[in-house]
Amino acid sequence: MTCRRPTIALTGFALLLLSCTNSQDGVVMADPSRQTERDAMVADQIVPRGITDPGVLAALRRVPRHRFVPDSHARFAYADRPLPIGHGQTISQPAVVAFMTEALALQGREKVLEIGTGSGYQAAVLAELASRVFTIELVEPLAKQAAQRLAELGYVNVIVRAGDGYRGWPEEAPFDAIIVTAATDQVPQPLLDQLALGGRLILPLGASFQKLTLYRRTKDGYERTDLIPVRFVPLLHDDRQPHTGTP
Ligand code: SAH
């Protein structure tokens, strides 16, 4: 499959829109290079941590993580660790990506919102498993780079926006799943509001140390489940200060 260059439309809110006319089902040119390392990553780091969802395991075997890290760190792309991606930000450890993705229990038809695009790796994993992915990144150069990368890899079902994700993406709500990949000490109310009935939201909740926390919207409210301890970079305001729970 060949994909034409991404259309990058900068609106008042800096919307980066990927388009690729000749795709099928939003999926994707594979990058077969370093497949052995990806298989080993899944076998050695992901399966031993109890991840069993076959879709998640297949997505991690497929998405070329080395294309989402700077060249200077490409040799560590399949190591069991987060890596710097510039602007003081990091691409998450593969096992954390797998854990959070599995918790969303995606079946293939979902509309997903991600806050904290970073490198675009998590968005690519989500794009393998859901129908459409909307992702917001505060740091505009990272947003542009991720949009470019995702387009080059043929991920036609991802839209990247530059801006403050705290407010979510109201024009596209409701979402079946929402994932926040930066830490905040209170769950942003706009994200809870933008969750569909039955939808799931996962985020690292807490100050310097956090717990991955899952919310599920029910007809009576939200069910909350505390999961594993993690450490993420903070969710920042558009003035680059951490969000403290109030919009
Ligand atoms: N999911 C990413 C890693 C996330 S690192 C990946 O797969 O590579 C956290 C990201 O959240 C950083 O890139 C940071 O710039 C971004 N971020 C922090 N505050 C934000 C906010 N309010 N809105 C959107 N993005 C934010």
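This is a predicted model: local features need pLDDT of at least 70, side-chain atom pairs count only at pLDDT 80 or more; totals for chains, interfaces and linings use all residues.
1. The side chain of Asp-53 reaches the backbone nitrogen of Gly-55, the separation being 2.8 Å. This residue, Asp-53, belongs to the loop that joins helix 1 and helix 2.

2. Two packed helices are described by the angle between their axes and the distance between the axes. For helix 1 (residues 35–46) and helix 2 (residues 54–62), the angle is about 140 degrees and the axes are 8 Å apart. Angles over 145 degrees would count as roughly antiparallel and those from 65 to 115 as roughly perpendicular; helix 1 and helix 2 are therefore oblique to each other. The crossing of helix 1 past helix 2 is right-handed.

3. The residues that form this helix contact can be listed from each side. Helix 1 contributes Gln-35, Arg-38, Asp-39, Met-41, Val-42 and Ile-46, while helix 2 contributes Leu-57, Leu-60, Arg-61 and Arg-62. Sorted by class, the contact of helix 1 with helix 2 comprises five nonpolar residues, one polar residue and four charged residues.

4. Most residues other than glycine have a negative phi, and most peptide bonds are trans. Arg-34 has a positive phi, near 65 degrees, and is not a glycine. Arg-34 is located in the loop between strand 1 (15–16) and helix 1. The peptide bond that leads from Ala-173 to Pro-174 is cis, with omega near 5 degrees. Pro-174 is found in the loop between strand 6 (158–162) and strand 7 (175–180).

5. Which residues are the closest to the ligand? They are Ser-119, Glu-137, Asp-164, Gly-165 and Leu-236, out of 27 residues that surround the ligand.

6. Individual contacts of the ligand may then be examined. In the side chain of Ser-119, an N or O atom is 2.6 Å from an oxygen atom of the ligand. For Glu-137, an N or O atom of the side chain is 2.5 Å from a ligand oxygen atom.

Technical notes. Residues are numbered from 1 along each chain as its sequence is written. Side-chain values use heavy atoms; hydrogens and water are left out. Axes are lines fitted to C-alpha atoms, for helices over the stretch in contact, and angles run from 0 to 180 degrees between N-to-C directions. Helices (H or I, at least four residues) and strands (E, at least two) are DSSP runs, numbered from the N terminus. Angles under 35 degrees count as roughly parallel, over 145 as roughly antiparallel, 65 to 115 as roughly perpendicular and the rest as oblique. A crossing is left-handed if the near helix is turned anticlockwise from the far one by less than a right angle, and right-handed if clockwise. Contact means heavy atoms within 4.5 Å. Ala, Val, Leu, Ile, Met, Phe, Trp, Tyr, Cys and Pro count as nonpolar, Asp, Glu, Lys and Arg as charged, and the others, Gly among them, as polar. A residue is near a molecule or strand if one of its heavy atoms lies within 4 Å of it. A polar contact is a pair of N or O atoms within 3.5 Å; within protein, one must be able to donate a hydrogen and the other to accept it, and residues adjacent in sequence count only if both atoms are side-chain atoms.
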